[in-house]
Amino acid sequence: MTSQLPEPNVSTLHFQRVLDQIRDLPALPAIVQDLMKNIGPDDDDINIITRKVMLDQALAAKTLRFANSSFYGVQAKVTTIQQAITLIGVDSVRHVVTATALTGYFPSSDCAGLNFIAMWRHAIATAVCARVLARHLHVNQDYAFTAGLLHDIGRLLLVTYFRREYDAVIAYRNLHDCQWLEAEQTIMGMDHAMAGEALAAHWNFSDTIRFAIAGHHKPEGQKVNSLASIVHIANAIVHALDLSGLEDDMVPPISPSAWEGLELSEEVYLQVFHETELQFDEVSRVLLAEK
C-alpha cells in the first residue's frame, strides 16, 4: 500500500516564490547600503557620505532641498552638501538617499487599481508622523522616520514582481471591501509585512528596522514604545488623515496594547495630527521630486 503524500501548504509555496524572487534582486546602491548599516556621525563618516552624495546630481539636489525645507527649520540658507549633512545629520540624509533609491528601484507599475504615487505619499506621511510621535516619546526620531518610510516596502515588492497575483488581490479587496492584509493572505497566502521583513533581511537592514516592518500591523509582543508600535500608530493616523489622497482609503485596525502603551494624551495626539499635516506637504515635495 502506497503512502499518500501530504497536501502542499499553499501559504508556504507562495512565500517561497517571494523568497526566491528576493534572492534574485540586485543589491541596493552602495551608498544606501552604507547608510542603512548605521554609519556614525563622526567627521570621517560625514566626509565619506558627502563625497558619495556629491557624485549623484539628483541626490545632491534633494539633500540641499531637504536641508533648506521647513521640516528642519534651519535659519541660514544651506548651500553646500557638507554643510547640509553637518546641519541635518547623516541620519536625515539617509531619508533622502533611501527614498530616492527605492522610488527608482520600484518603478511605477500598471497594476490595475493601484496608485504608486499614493503609495509613496502614504509611506512619506507615515514616516513624518512616526518622527513626530518619536519626538513626543523621546525616542530616536530618525529611526522612526526610516521605519515609517520603509514599512510598506513589501507591497512594492509584491506589486512589482507578482503583478498578476496582486491584480487579483486588488479585485478581492474591491469586491469584499476589506483590509489589504486580508486580501493578500486570502489570494497569496502571505502578506506585505512578511514580504517586507524578508526583503529587509536580504538587504541587511538593521534588526530594529526589520522588526518594525514585520510588526507594523501586529506590534503585539514587542516592547513598549517599540518602533513597530510607533509605525503601527503612525500608519493608522495617516490613513485617518487621508494624506495619500485616495478616495477608498481605509483605516486599519489599531492594536489597543500599542495605543495604550504609548501613553499619549488626547491633547498630544491632536498636536501629532497637526504637526504631521504641516510637515507632510513639504517633505513629500522634496522626496518625490524627480530632480
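About 60 Å³ of space lies in the largest cavity, and the structure holds 2 cavities of 30 Å³ or more. On a 1 Å grid over the protein atoms alone, a cavity is a set of points where a 1.4 Å probe fits but cannot get out, and lining residues have an atom within 4 Å of a point. Grid points are joined across faces, edges and corners, and a volume is the space filled by probe spheres set on the points. The model is predicted: local features need pLDDT of at least 70, side-chain atom pairs count only at pLDDT 80 or more, and totals for chains, interfaces and linings use all residues. Residues are numbered from 1 along each chain as its sequence is written, and side-chain values use heavy atoms, with hydrogens and water left out.

The lining of the largest cavity consists of Met119, Trp120, Ala123, Leu149, Asp152, Ile153 and Leu156. Two elements give two or more residues to it, H7 and helix H9 (153-161); helices are DSSP runs of H or I with at least four residues, numbered from the N terminus. H7 gives the most, with 3 residues. By class the lining has 6 nonpolar residues, no polar ones and 1 charged, where Ala, Val, Leu, Ile, Met, Phe, Trp, Tyr, Cys and Pro count as nonpolar, Asp, Glu, Lys and Arg as charged, and the others, Gly among them, as polar.

One of these lining residues, Trp120, is found in helix H7 (residues 116-137). Is Trp120 buried or exposed? Trp120 counts as buried because its relative accessibility is 6%; buried means under 20% relative accessible area, exposed over 50%, and partly exposed in between (1.4 Å probe, protein chains only). Not counting residues up to four places away in sequence, Trp120 touches Leu102, Thr103, Leu149, Leu156 and Leu288, a contact being heavy atoms within 4.5 Å. Leu149 is 29 residues from Trp120 in sequence, and their C-alpha atoms are 8.4 Å apart.

The largest pocket comes next. About 360 Å³ of space lies in it, a pocket being an open set of points with protein on both sides within 12 Å along at least five of seven lines. Of the 24 residues that line the largest pocket, the closest to its centre are Arg155, Arg173, Trp180, His239 and Leu246. H7, H10, H11 and helix H14 (227-241) are the elements that give two or more residues to this lining. Its residues divide into 9 nonpolar, 10 polar and 5 charged.

Trp180 also has a charge over its ring: the charged end of Arg155 sits 4.2 Å from the ring centre. The criterion is NZ of Lys or CZ of Arg within 6 Å of the ring centre and within 35 degrees of the ring normal.

A search of the whole structure finds 4 aromatic pairs. The rings of Tyr166 and Trp180 are stacked, because their centres are 6.0 Å apart and their planes lie at 20 degrees. This pair links distant parts of the chain, with Tyr166 in helix H10 (residues 163-176) and Trp180 in helix H11 (residues 180-188), 14 residues apart. Both Tyr166 and Trp180 are buried. Tyr269 and Phe273 form a tilted pair, 6.4 Å centre to centre with 35 degrees between the planes. Rings of Phe, Tyr and Trp (its six-membered ring) pair if their centres lie within 6.5 Å; planes under 30 degrees apart count as stacked, over 60 as edge-to-face and the rest as tilted.

Tyr269 and Phe273 are 4 residues apart in helix H16 (residues 266-287), so about one helical turn separates them. Tyr269 is buried at 4% relative accessibility, whereas Phe273 is partly exposed at 25%. Together with Trp259, Tyr269 and Phe273 form one aromatic cluster.
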